Amino acid sequence: MKKILLFIFIVATATSCNKHDWLDVKSNKSDLVPKSLSDLQAILDNTEVMNFNYPELGFLGSDNYYLTYSSWQGAFTSAERNAYIWAPDIFEGATCVDWDAAYKTVAYTNIVLEGLNNITPSAVQQDQYNNVKGSALFYRAYVFYDLAELFAKPWDSATASSDSGIPLRLAADVNVASKRSSVQETYNKIIEDLKEAETLLPETPLYLTRPSKAAVEGLLARVYFNRRQYDQSLSWSEKYLGKRNSLLDFNSLDSNAYFKLPGLQPVNPEITFYSTALIYSISVFPKVDTMRYQSYQAADLRRAMFFVSSGQDHLFTGAYSGSVPLFAGIATNEIMLINAESNARLGNLPQSMDVLNKLLSKRYITGSFTPLNAGTTGEAIDIIISERRKELPFTGNLRWQELRRLNTEPARSVTLTRLLNGTVYKLPPADNRYVYPIPPDEVKLSGLQQNPR
Amino acid sequence: MKYLIGLVAMLLPIFSARAQNGILITGKVISESGNAPVADATISLRHQKQTTYTNASGAFSIPLYDSNDEITVSHVGFLSQTIPVSKNTSSSLIITLQDTTVKLDEVVVNTGYQSLPKERATGSFVQIDNKLLNRRISTNILDRLEGVTSGLIFNAGNLANASRMSNEKLGMSIRGRSSLDANISADPLIVLDNFPYEGDINNINPNDIESITVLKDAAAASIWGSRAGNGVIVITTKKGQAGQPLSVEVTSNITIGEKPDLFYSPYFLSAPGFINAEKYLFDKGYFDRDLKSYAMPPISPAVQIFSLQRAGLLSDAEAATQINALKTLDVRNDFSKYVYRKSTKLQESASLSGGTEKATYFFSFGYDKGLENLVADNNSRITLNSYNTFKPVKSLEIVTGIMYTQVKNVFNTAADAFGTLTTGGKYGTVYPYASFKDAAGNALPIVRDYSSTYVDSMQHIGYLDWHYRPLDEIKNADNTSNIGDIILRSNISYRLPAHVKASVSFQYEKQDAGTRNYYSPESYMARNLVNRYAVLDPVTGTFTYHIPPGGILTKRSNSMVSWNVRGQLDYANQLGKSGQLNAIAGYEIRQVKTIYDGYGLFGYNDELGTSVSNIDFNSYFPINPAGFGTVQPLTTDVSGSTQRFLSLFANAAYSFNNRYLISASARQDGANIFGVRTNDQITPFWSAGIGWTISNEKFYHIPWLSLLKARATYGYNGNVYNGSAYLTASLGTDYTTGAMSASINNPPNQDLRWEKIRNINYGLDFSAFKSILNGTFEIYSKRGTDLIENAPLPPSTGFTSYKGNAAETVTKGIDLSLTSTNINKKLRWSTTLLISFIKDKVITFDNNYLPASLTGYNSVGTIEYTGLIGIPGKPLYGVYSYKWGGLDPQTGDPIGYLIGKPSTDYQAIISGTPVDSLVFSGSSRPTVFGSIRNTFSFKGFSISANILYKGGYYFRKSSTSLIYSQVINGSTVNADFADRWQQPGDEKHTSVPSVTYPGDVNRNNFYHGSEVLIEKADHIRLQDIRLSYDLEQMRFKKFPFSHLGLYVYANNLGILWRANKSGIDPDYLDNGGTGRIYPAPKTIAFGIKANF
C-alpha cells in the first residue's frame, strides 16, 4: 500500500510542473526573443547591419576612379564589371548585395519600431526609449535615401509624384507585399522620419556608430542639397555646424602610417556618424589617374594623406573609415562643403568662401594656404565643386549623387567615358542608366515594376 | 496527465486484506512446445480476486482461503488455461500452456515501449536477430542493416562522402524521405532499448547488441510521435536470463582492407593531358599576370619551365626534356605509396551473463583498434557495459545499467589525402605530376599558395622555411578527437494487482566530444601564419612578428547531456473467452542540452602549455607577400541548445478468437521548438490497425498455404524542425563598439509545428509448402503534409526566406521479403529475397526554380547539398537536363534547343527553357532495390553471399570544363579533356565539345546540364561472402567450449553488372568530377567466437 502511494506521489510530482513553464525554455543558448528596451537597443547596436555594408553601386558608376582592362576583368562580380561600363543589365540574374543589405537594415529598424509599440517607458526609461526610436527612424531614413539615389529618378518637383520611387517597407511583417512608392512619397517619408528623429535623439551619442541630433541635421542638409533646395540645405547645415565644427588638421597626421587618416580609433573629430560602404573588389583602394592626382597642389596635404603611389599607380587609402572600406557616414567636411555651396547658390559669396577656406586651411601645409576668392556666384560654385571632388573623392555614393544633381545644369553636367581594351563606353547626362535596375530576384518575387534602362 | 493518476487511484479498492487462514497452492508453468518454464505468467484466483506471477523458473505460489476456486493462468503468446482448485489440490501443480498461434517464427518486436510477439502486431516491423546482425563484421552497428532489411536503403552519393549531408548523417532512409527542408533531420530515430539515443552511433559496440527492430509504418512508429516520420530503429542490448548459469562469450576478429584503388576513377586527368592544357594556357598568356604578380601566386613546375624557356634561360631541348620527365610522373603512385596503406581493424570483446531467480546480470568489455587506409589515421574504442536486474521482493523489479564508451580518433592525414591536398592559386587540387619523396628518401615540397621562387627567396633573407612537404606535414600533424559517452539507466517496475504493471524508467546520457589540433612550430600552418605577418626591418635586419613564432593550438568541445523520465502502466490480460488485451499508457519528459565551445592559441608551446596572449587583432599590418590585413583570431565561440519535450502516450492491442487483431495508439507531443499555438492544441499523433489471420478461420482450407494473415494500418507520425517559431536574435558583443549587439535570426512563425506524415500500410504474411516458403508482402503510402519549406521572400522584406509548413509529398511503395528453404537435408540451402519498390513525388511546393538550378553541376542530382528541389508532380530527387543536339561539326560547339529549334545561344537556353521543357530522366535515388542472400550449410559449415541491387534511377556524369582555365582548376580537372572535340570529324566519336579560351560560362553550364551526361545508375553488386564453421560441445566430448565459431568474411567485393557504359560505380559518384575518388576497398575479416 505504501508503495502504491509512493508511486502515485512520484507520478503526481513529475507531472505537476506546469507544462508551459517546462516548454517555455528557449532552444538556442544565444537566442533572444527581443522584448525589452535594451534588447531593442542591442539590435540597433549591431554595427554589421546598421553601420557597415551601406550601398556602394553609385561609387561603381561614378567617375573619380578608373580600372585597367585586366583589373576590370579581374573584378569579382559581374555587377562590378557591368556597373563600370553602365551596361543595361547590371546583375545578370544574380542578387544585389546593396539592395539586400539595405533592406536588412530596414527590417531591423521596423522590428525595433514595432517592438517599441509594446513598451510603455517609465520616466527613467524615457531617454533610452527616445534614443532607440530616434535611432531606428534615422537608420531607416538613411538607407531609404541611399536606395532612392540608386534605384529611383533624381528629385524633380515637377514629376516627383509620378516618378517611381523605392518600396517603402514600414512594417516588420514579411507577408506585407512590397510595392513601389512615388519619388514624392519616398522623400516625404525620409524627411518626415528625420525631422521626428531630430526631436528624439541626444546631442552626443554614446558611440559614433549611433546617430545624434547633428547626424540628423547633416543628413537633412545632404538630402535637401541633392534635391537642389539650397535654402533648406543651408539652414540644416547651419544647425549642424552650430554643434559640430571642429576639423582634423592634416598637418597632425603621420605620413608614414599605412592608414594615415584616423577613423574610430583614434577618433577623427570630423566624424559625426560612422558608417562604411560595402566592400567591392574594385572599391578597395580605388585608383586615380595622374591628372586627378596632380589636381592636388604640392602643398595640399591631401595628396600625401589620401594616396599611396606605387609606380604609375595612385591608390586611395585615405578613407574616413580609417581602414579599407570607404566611408559612408556623416562628417563635418562634407557639411561645410554643402554649406559653402548652398551659400554660393543663394548668392552669399563671402560666407561661402569663408567656410570653404576654413576647411581648406586645415588641408594645406601650415602657412602655405592662400585663401580662395570668387568674383561671381558661378565661379564660386565651380571652385566649390572642384574642391568637393578633391575633398570627397570616394565617400560612399556622394560623387554619384552629385553627378545626378548636376545633370540638370547643362553647364556643369558631364558625359562620363570609360576606355577598356580599345572600346569606349559613354554615359551622357540624365541618361536612364543613372537609375539602376531593380534586382531581378526582387522583381520576380514581388513583381516590382522595373526601371527603364 | 490527470487520467493517469485516476487510473492508479481506481485500482486501490482492489486491495482488501484477508484474515482467514488458507493453504498455499504451489506449482509450475511450462510451455508445451519447448517444455520450458514460462516466467511472468499471470496466475489469478477467480473468486478470491488475487493474482500472482510465475518466477523465472516458472514457479508460483498463491494462498487459497476459500474451499473452491478457479485458477486462470495466462501469458502473452499462450492460450490461457483455467483449472479448478480446492484445499485438496495437489501442492505441486504442473500447468502446461499451449502456444496461441501456429508460430510464424519466434519473433518478438520491441518498440522501445513494449515487446510484443510479432503475430500480435498489426504494424510493419522488421526484426533483425542476433545471427543476422553478426553475419557482417563492422564497427558501426547500423552498417549491419544494409542488404538485410526490406525498405531500408543506404543512399548513393552519401556512401562516397565521408562527410555526409548534415541532415542525413546516418546515410540511410527507411521507405524514402518525406522532409524537404535541409534543416530537418531525415535520419530515422535511433532508440537504444527504451529511449532515443543521442550520442554518436559509432559509440555502440555491435557485440553488445542482441537484436534490432525497424519500425516502418504508423502503427509501429507513431508511439514515437513527432520524431518518427523517418522511421524508427530500435536497438536492443543483450541481457542476462533468469535461471541461466554463468555464460562467457569471447569474440575476436581482424579485418584487413586493401589499399584504395586510386586509379579507379575514369575522370582523373593525368600529367600529359594536364600539361598540354597548361601549355595551351601559357601560350595564351593566362599565367603572365601570375608570373609577375606581387602576390606571388603558386606557379606549377611545368609553367615555371615554360616561362624560363620563353625568357631564354632554358634551351628548348632542355625544357622539352624536363617537361617529358614531368609527364611520366603520376601523383597517384606517390599517394598510393606514401599516403595510403592497407587498413587493419581489430575487434575484441568478452561478456559474462547469467542469472538467478532474484537477479540477472550482463557485463561486457570491448576493445576496437583500427588503422585506417590513410597512413597516419587510426582510432580506438573501449566499451564497458553492464545491465543488471534485481527482484528484492516479489512483484518488484529494479534494473540498473551503465554503458561507457571511450573513443579516440587520430586524423593526421586529413589535409594531405588524395582529393584534399591542394596547391591553391589558379590550381585547386595538387597538380598530377607532383612527387612526395626523392630518391634519397627526403620529403619533397609541392608548390602551394606561393611561387617557389618567392618561398626560396624569403628563406634566404631570414623568414621561416615556407615550403609545404606533404609527407612532413603528415608526420608533424597532431589532430585528435576524443569521445567519452556514458549512459546510466534504471527502471523500477512493480506488479500491481489486476494485471497492471507500473514502471518508472530513467535514462541519463552524457557525451563529451572534443577535438584537439596542435600545429607544431614545424607545421606549415604555423610557419605560414608566422611568415605572413612577419615584418623585416630592412635597416636593422630584425623581425617583428605580429603572430609569434611557435605552435598553434585549436580546441573544440561539444558536450551533450540528455535525460528522460518515463512513467508507464502496462496491462496484459485475457479478456472474455479467448481475447487478449495488451495496453500501455504513460507520460514522458525529455531534455537534450548541448554546449559547444572552441578556442585557439597562438605561440603555443606544447611542452610547457604556454601561449602568447598579447596579440593585436585590431590593427592592420602588412601581410607577406602583398596586401595588409588584421590578424584573424582563432575560432572562439560558445553556443548551445536545449530541446525539451513533454509527451503523453497510450497504446492498446486486442486479439480475439486467434484470428482478429485490433490495435490503436495515440501520442501527444509538446516541445519548446514548436509555436505557442501548436503546443496549445491537442492534435495527437494516432494510429489504428486491424489484423486477420485468415488461415485460422474454420472455413479456411488451403492446405499448402498454412499461414495467411492480412494486416492494415492507418495513422500519423511526424518530423521535428529544429528552428524556432519565435522572432529570435542572437546576442553577442559588437566587434566595433564592444556594446551588446543582437542579430536577428528568423522572422517569427507562431504556427510552426511538426511535419505530419500520414501512413497507410497493408500487409500480408504467409507461409507455404510446410514452411518452405515464408514471406511478407506490404504495400504502403506515406503522405507528408505540413512539410517545412524554405519559402523565398523578396529581399525587400529584409529576409531571404521563411520557414513555413506548406509543402506536401506522397510516397508509395511495396516491400516484399521472401525466405525459402530450398534444400533441407544434411545440406541446407536457403534463399532470402528482398525487393522494394518506391515512388515519391512532390504535391505542393511554393518555391520556383530556374532551369539552371535544376540542371546544376552535382552528379547526384542537383539537390543533395542545397536542399531538395520540389517540382510538383515530380520525384524529390529528380534528374533534369537540357535537350542535347550533338556537336557542331565545324566548331565542336554543343548544340541545344531553344523553343524546339537547334540553338547555340546558351544564355537564352539557360534562362529561357521552361522547367517543363527540360528533359526529365527520373529519380536520382533507386526506385527499386533489394538483395538476394543464399546460405548453404553442411554439418558445421555455412557459406552465404549477399547480392545487392539498385535500379530505376539516374545520375549525372561529370566531365571536363569547356573553359581552358578551368581545366587545370581543381574542381573540374577531368580526363574527358583528352576526348574533347579538336577538329572536324571528332564529333563522330566524342560528345565532349571543344574546349575554348577564355571560354563561355553559359556554354560550359549548358554542356554540364545537358542530357548527354545523364546515365542510368542501375547496378548489381556482390556485397559480401561469409564462410563459417561452428563447433558445438554436444558433438565433441571434452570440448572446453559450449560453442566455438570460426569465420571468414569478405566485404565490398565489387560490382557485378552496371547499366552505364562509362565504368562508373553509381554508389561512388564523383561530385566534383576531379577523378579523386575511389570505391570502398575490399576487406577480409577473420574471426573467432567462443562460448563457455
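The model is predicted: local features need pLDDT of at least 70, side-chain atom pairs count only at pLDDT 80 or more, and totals for chains, interfaces and linings use all residues. Residues are numbered from 1 along each chain as its sequence is written, chains are lettered from A and ligands numbered from 1 in the order in which they are written, and side-chain values use heavy atoms, without hydrogens and water.

In chain A, the axes of helix H10 (residues 183-200) and helix H11 (residues 213-226) come within 9 Å and cross at roughly 155 degrees. H10(A) and H11(A) are therefore roughly antiparallel. Their crossing is left-handed. The contact (heavy atoms within 4.5 Å) involves residues of H10(A) including Tyr187(A), Ile190(A) and Leu194(A). On the H11(A) side, Val216(A), Leu220(A) and Tyr224(A) are among them. By class, the contact has ten nonpolar, one polar and four charged residues.

In chain B, strand S34 spans residues 705-719. S34(B) pairs (at least two DSSP bridges) with strand S33 (residues 685-693) of chain B, in the antiparallel sense, over seven bridges. Here Trp692(B) has Ala710(B) as its bridge partner. S34(B) also runs antiparallel to strand S37 (residues 755-768) of chain B, joined by 14 bridges. In S37(B), Asn761(B) is the bridge partner of Thr713(B).

Conventions: Axes are lines fitted to C-alpha atoms, for helices over the stretch in contact, and angles run from 0 to 180 degrees between N-to-C directions. Helices (H or I, at least four residues) and strands (E, at least two) are DSSP runs, numbered from the N terminus. Angles under 35 degrees count as roughly parallel, over 145 as roughly antiparallel, 65 to 115 as roughly perpendicular and the rest as oblique. A crossing is left-handed if the near helix is turned anticlockwise from the far one by less than a right angle, and right-handed if clockwise. Ala, Val, Leu, Ile, Met, Phe, Trp, Tyr, Cys and Pro count as nonpolar, Asp, Glu, Lys and Arg as charged, and the others, Gly among them, as polar. Buried means under 20% relative accessible area, exposed over 50%, partly exposed in between (1.4 Å probe, protein chains only).
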